[in-house]
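Hi,

Here is the structure I promised to hand over. Have a look, and my notes follow below it.

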Amino acid sequence: MTLQTQRVLRAALQEPAREWYGLQMCDVTGLPSGTVYPIISRLERHGWIESRWEDPAEHITEGRPRRRYYRLTGDGADRARTALARVDQARRPSARLPWSEPPRPEGTS
């Protein structure tokens, strides 16, 4: 899992039931839209995220393009937590292997 995907998932998991649109995710993660949108699309294809188009009346009154809103699915949130927990565990320093050389005292070679 790429670091960028991890950032998107961690941001989405801050409020898993909340809907957000792509540019909000760009702001939260600090990633460019050319990175965020392909990640969102991939996660949606795999069922981790679902989307909907906003009501046309909303964007007309605000004079902006219509937004597509995204949110984690229930299964997607569970899978994201599991995947991120694995990533976090893999980053932790592993216990010293029994056959590895013991640490040397400072000042010795």
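Arg64 sits in the loop between α4 (56–62) and β3 (68–72); helices (H or I, at least four residues) and strands (E, at least two) are DSSP runs, numbered from the N terminus. This is a predicted model, where local features need pLDDT of at least 70 and side-chain atom pairs count only at pLDDT 80 or more, while totals for chains, interfaces and linings use all residues. Residues are numbered from 1 along each chain as its sequence is written, and side-chain values use heavy atoms, with hydrogens and water left out.

With a relative accessible area of 15%, Arg64 is buried (under 20%, with a 1.4 Å probe and protein chains only). Leaving aside residues up to four places away in sequence, Arg64 touches Glu54, Glu58 and His59 (contact means heavy atoms within 4.5 Å). The side chains of Arg64 and Glu54 are joined by a polar contact of 2.6 Å (a pair of N or O atoms within 3.5 Å; within protein, one must be able to donate a hydrogen and the other to accept it, and residues adjacent in sequence count only if both atoms are side-chain atoms).

On to helix packing. The axes of α1 and helix α3 (residues 33–45) come within 10 Å and cross at roughly 75° (axes are lines fitted to C-alpha atoms, for helices over the stretch in contact, and angles run from 0 to 180 degrees between N-to-C directions). That makes α1 roughly perpendicular to α3 (65 to 115 degrees). Gln4, Thr5, Val8 and Leu9 of α1 meet Thr35, Ile39, Arg42 and Leu43 of α3 in this contact.

Cheers

How values were computed
Buried means under 20% relative accessible area, exposed over 50%, partly exposed in between (1.4 Å probe, protein chains only). Angles under 35 degrees count as roughly parallel, over 145 as roughly antiparallel, 65 to 115 as roughly perpendicular and the rest as oblique.
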